[in-house]
Amino acid sequence: MPAPAPGNATEPPLDTGPNATPAFSPLYQQIKGLILQSLQAGEWKPGELIPSEIELASRFRVSQGTVRKAVDELAGDNLLVRRQGKGTFVATHSEQHVRYRFLKLVPDDGDLNREGPAQRSFLECRRARAGAEIARALGLRSGDAVMQVRRVLSFAADGGAQTPTILEDLWLPGGPFKGLTAERMAAFRGPTYALFETEFGVRMVRAEEKIRAVLPDADQAGILQVAPATPLLSVERVAYTYNDTPMELRRGLYRTDTHHYRNDLN
C-alpha cells in the first residue's frame, strides 16, 4: 500500500492517551499537542535542539509532512525556532526576536537600540498572600502564597540621564517562584522572562493585556516623576505558560511623553 501523502488526514488516528487532543481533530493538531506535552514536561529545554522531522514522524508513526505542519504552527506561535541548516530549537526569551515579543513600549523614534536596555530598580520583592482578585487572575485560592514585586524601569536616550518610564507591579505563584529575590532579579542581565525560564523552569508562551488611560495617585506620580494630572497608560497583563496556565499578573503604568505603545498586527 502506498505511503500516505504528507499531511494526509487519512492517516490512522493516534492512540495519544487520556490527556491528548480528541481524535476528531486534524492529525497535525494531534501531533502539535503531543509536541506541546513534551515541551511542557521539559523533555526539550529552551534553547535545545528538538528531534528532526524524520525522527518525530517515526516516533509518532505519521508522515513527515504531518510533523512539518505541526512544527510550522509551533514556530508561528513562537514556541519553536527554525534555523537554516541547523534544525529546530525550543524558543527562548534570551533570543533577540523573542526578547521584545511582550515589550510594546518603544521610543518615539522607533529605535530600541538607541536607548539601550532598561535600568531596573526594585522597590519591593516579598512573599505575600493572594487576595481574591490576584488569586482569580492566577488560578489560585485566596490566601495562597504569591511573590509580589514592584520595580521601576528607566531609560536613557543617547547617553543622557535615566528617566523613570515604567512602574510595574508583578504577582507570581509562590510555589514555582520560591527563592525569588530582588537581588536575584537585579543580578540577572537578560530579560525577566529569560530569568523565569532558566532559573525557575517557567516559560511564558503567551499573554493577554488590558489597556486604558489613567491618572496616577500621589505615590505613583512621585516614583515616575510626573505631575499628578499627567495621563499614563495602564497595562494589565496575564502571562501564561504551557497548557494555558497563568503564571504572572503584571500591572504597569507607562509614561508616554517620550515613548508610545506599539503592537504589530499580522
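Is Arg-203 buried or exposed? At 3% relative accessibility, Arg-203 counts as buried, where buried means under 20% relative accessible area, exposed over 50%, and partly exposed in between, with a 1.4 Å probe and protein chains only.

Before I continue, a word on the basis of these values. This is a predicted model, in which local features need pLDDT of at least 70 and side-chain atom pairs count only at pLDDT 80 or more, while totals for chains, interfaces and linings use all residues. Residues are numbered from 1 along each chain as its sequence is written, and side-chain values use heavy atoms, with hydrogens and water left out.

Let me return to Arg-203. The side chain of Arg-203 meets that of Glu-197 in a salt bridge, at 3.4 Å from N to O; the term denotes a side-chain nitrogen of Lys or Arg within 4 Å of a carboxyl oxygen of Asp or Glu. Glu-197 is buried as well, with a relative accessible area of 6%.

How many salt bridges does this rule give? The count comes to 21.

One of them pairs Glu-168 with Arg-250, with 3.2 Å between the closest N and O atoms. This pair links distant parts of the chain, since Glu-168 lies in strand 6 (residues 163–173) and Arg-250 in strand 9 (residues 245–254), 82 residues apart. Strands here are DSSP runs of E with at least two residues, and helices are runs of H or I with at least four, numbered from the N terminus. Both partners are buried: Glu-168 has a relative accessible area of 3%, and Arg-250 stands at 7%.

Strand 9 also holds Arg-251, which is joined to Glu-236 of strand 8 (residues 232–241), 15 residues apart. Elsewhere, salt bridges that share partners join Glu-53, Arg-68, Asp-72 and Arg-82 into one network.

I turn finally to a hairpin. Strand 1 (residues 80–83) and strand 2 (residues 87–90) pair in the antiparallel sense over 4 bridges; pairing requires that DSSP find at least two bridges between two strands. Within this pairing, Val-81 has Phe-89 of strand 2 as its bridge partner. Which residue of the hairpin takes a positive phi? Gly-85 does, with a value near 80°, and the hairpin has 3 residues between the strands.
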